[in-house]
Amino acid sequence: MLRKNLAVQIVAGFVCVIAVLAVLVCVIGYQRFTLSAEVQYEDCAYNTARTAATMIVPELLTGEIAGAEYQMRFKMLNDEWERLANTQDATFIYLIRPDKTDYNHIEFFLSVMNKSAHYERYPSGYLRKTSNDEYRNAYREICENGKNMATIFRDKGDSETGHHITVMIPVKARNSDRVDWILCVQRQMERLNFYRKSYVRHVAIAAAVILGFVLTVYGVYLGRLLIVPLKKIASEAMRFAGEHTEPESPLGKHITAKNEIGQLARTVDAMESQVLSYIDGITRITQEKEQIKAELNIAAGIQASMLPREFPVRKEFEIFASMTPAKEVGGDFYDFFMADDSHLAMVIADVSGKGVPASLFMAISKALIKNRALMGGSPGEILSDVNNQLCEGNEAGLFVTVWLGIVDIKTGNVKASNAGHEYPAIFRKGEGWSLMKDKHSPAVATMEGMKFREYEFDLKSGDCIYLYTDGVAEATNIDSKLYGTARMIDALNDTAGLKVSAEGVLSAMKKNVDDFTGEAPQFDDITMLMLKFYGEGE
């Protein structure tokens with residue numbers, strides 16, 4: 001029961017938010033503090049290394065002095081470095097020469113440490129194995145890549161060396177660009193660990209004290225401001241959901257606050273009034289919807305009646321077509337008719353958009369194309385004139401993709417124009433089905449005054465043409481995969497060896513598309529038109 005209490009949930013959420021913020025502040029502060037401290041340690045170690053480098057007498061490194069003078073100069077450098085280590089709090093200052101073959105060994109020239117250090121001091125000429133790859137890479141960067149400084153942070157907990165920083169700089173012989181020596185300065189960072197732990201401890205204590213105080217005040221304030229009014233609102237909402245009647249007294253009379261809670265109470269009152277009105281009007285709305293549906297069904301019947309339903313049986317050709325709209329009415333259409341005694345006009349088109357606007361544009365486009373084709377002319381001329389007419393007053397910006405072909409039923413010659421429509425598929429005897437990738441022109445009604453490309457090809461007896469809209473190629477299954485033209489050509493070729501009519505081929509294609517899409521909804525009109533050409537030879 002406690003888990004379902006709103007006040008407990010709000011307080012728990014508030015505690016979580018404060019806790020997360022406290023952790024974020026602690027983490028960010030911890031990181032920024034650490035970074036700042038590390039930069040300071042690095043700068044100090046680098047300045048110490050630069051100072052130590054200025055104390056080196058180049059002749060000590062090149063062997064130009066020897067004997068007593070060498071010993072004197074060497075001791076002077078040792079004493080100066082020890083004073084520097086103690087004044088600058090440098091744990092370890094040492095000059096080494098790495099083995100440049102593989103950087104696996106280093107040779108010590110001089111090493112000193114401050115009074116509090118407990119490191120082992122390495123004598124001049126001492127050869128030691130390189131600690132690890134991190135140091136090896138740092139030596140290589142300085143000696144081979146000309147890097148002016150390398151920094152290594154080491155945090156080994158309670159190990160011998162502890163938490164420390166090592167800064168390395170190159171040391172060159174006089175009048176030489178080659179780096180043979182590397183000067184290293186190491187500083188311990190125990191104080192950084194101490195201050196970091198202290199920071200975390202103080203932040204945690206402060207966060208706990210602030211959280212306890214805020215929760216006490218916040219709990220009392222929350223109850224009066226939020227919990228009690230919300231309980232009244234919830235109780236009224238449950239009552240209305242069960243009774244659907246007006247309340248004895250509106251919530252606005254009991255909750256008079258001017259904040260969001262008061263607004264919510266007044267909104268619930270208004271909502272109850274509106275719901276009661278909606279219940280009264282829902283019957284009327286349902287009746288209106290039924291009337292609209294009936295009118296759409298009539299419109300669908302009118303649209304279907306505009307498309308050819310009688311498919312002529314002639315010795316020269318066989319033709320069949322089908323259309324399945326995605327909605328009650330659609331924007332696809334097909335048409336075929338004899339332009340004269342020896343020429344068959346075939347049209348398939350797809351209007352942009354769906355529903356009633358597309359269906360109206362479809363009716364106009366179909367009528368204009370047929371009327372203009374019956375007047376004669378080439379496909380390009382027909383589409384050009386229709387385009388100009390459709391552009392007039394086309395404020396909705398609709399357009400239509402069209403494939404128009406005129407077939408000479410005696411010779412098999414086809415003159416065609418493709419205005420942004422899908423590639424037609426063609427069947428050749430002995431070759432099977434394939435896409436005819438013709439040259440496209442823009443869609444009709446996109447711009448006034450356009451010219452449309454034409455092309456022509458010949459059909460022989462037994463050849464076929466399959467025309468379709470994008471509802472076929474772009475049919476989608478429940479996995480969001482497209483049917484595609486490759487699958488379409490395969491399905492057409494599956495019917496090539498069967499002696500089926502044009503109607504049989506389209507039925508097989510529709511079934512193949514339906515099997516592919518399965519239970520997925522149909523998003524676009526599916527329209528197909530097929531011509532089997534026989535010519536005068538049959």
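This is a predicted model: local features need pLDDT of at least 70, side-chain atom pairs count only at pLDDT 80 or more; totals for chains, interfaces and linings use all residues.
Trainee: Is Gly 29 buried or exposed?

Mentor: Gly 29 counts as buried, because its relative accessibility is 18% and the cut-off for buried is under 20%.

Trainee: How far is Gly 29 from Tyr 199 in space?

Mentor: The C-alpha atoms of Gly 29 and Tyr 199 are 8.7 Å apart. In sequence, the two are 170 residues apart.

Trainee: What about Leu 24? Where is that one found?

Mentor: Leu 24 is in helix H1 too. Leu 24 has a relative accessible area of 45%, so it is partly exposed.

Trainee: New topic. What is the strand order in the open sheet of five strands?

Mentor: The order is E7-E17-E16-E12-E13, and the pairing is antiparallel.

Trainee: Which strands stand at the edges?

Mentor: Strand E7 (317-324) and strand E13 (432-435) do. Each has a single partner strand, so one side of each has no neighbour in the sheet.

Trainee: And what does the twist average from one strand to the next?

Mentor: The twist averages 15°.

Trainee: Let's look inside the sheet. How many bridges join E16 to E17?

Mentor: Five bridges do that. E16 covers residues 464-468, E17 covers residues 526-533, and they run antiparallel. One of the pairs is Tyr 468 with Met 528 in E17.

Trainee: Which strands does helix H11 touch?

Mentor: Helix H11 (residues 484-494) packs on the sheet and touches E12 (425-428), E13 and E16. The directions of H11 and E13 make an angle of about 160°.

Trainee: Now charges. Why can opposite charges pair at all?

Mentor: Side chains of opposite charge can pair when their charged atoms come close.

Trainee: How many salt bridges does a search of the whole structure find?

Mentor: It finds 15. Take Asp 180 and Lys 100: their closest N and O atoms are 3.2 Å apart.

Trainee: Where do Asp 180 and Lys 100 lie?

Mentor: Asp 180 lies in strand E6 (residues 179-188). Lys 100 lies in the loop between strand E1 (92-98) and strand E2 (105-113). The two are 80 residues apart in sequence, so the pair ties together those parts.

Trainee: Are those two buried or partly exposed?

Mentor: One of each. Asp 180 is at 18% relative accessibility, so it counts as buried. Lys 100 is at 32%, so it counts as partly exposed.

Trainee: Give me another salt bridge. What does Asp 385 pair with?

Mentor: Asp 385 pairs with Arg 372, and their closest N and O atoms are 2.6 Å apart. Asp 385 is in helix H9 (residues 379-391) and Arg 372 is in helix H8 (residues 355-374), so the pair ties together parts 13 residues apart in sequence.

Trainee: And how covered are they? Buried or partly exposed?

Mentor: Asp 385 is partly exposed at 31% relative accessibility. Arg 372 is buried, with a relative accessible area of 14%.

Trainee: What goes on in the hairpin between E1 and E2?

Mentor: There are six residues between the strands, and Tyr 103 takes a positive phi near 60°.

Trainee: Why is E2 called largely enclosed?

Mentor: Seven of its nine residues are buried, so the rest of the structure largely encloses E2.

Trainee: Last one. How many bridges join E2 to E3?

Mentor: Three bridges join E2 to strand E3 (residues 127-129), and the strands run antiparallel. Among the pairs, His 105 has Lys 129 in E3 as its bridge partner.

Notes:
Residues are numbered from 1 along each chain as its sequence is written. Side-chain values use heavy atoms; hydrogens and water are left out. Buried means under 20% relative accessible area, exposed over 50%, partly exposed in between (1.4 Å probe, protein chains only). Two strands pair if DSSP finds at least two bridges between them. Helices (H or I, at least four residues) and strands (E, at least two) are DSSP runs, numbered from the N terminus. Axes are lines fitted to C-alpha atoms, for helices over the stretch in contact, and angles run from 0 to 180 degrees between N-to-C directions. Contact means heavy atoms within 4.5 Å. A salt bridge is a side-chain nitrogen of Lys or Arg within 4 Å of a carboxyl oxygen of Asp or Glu.
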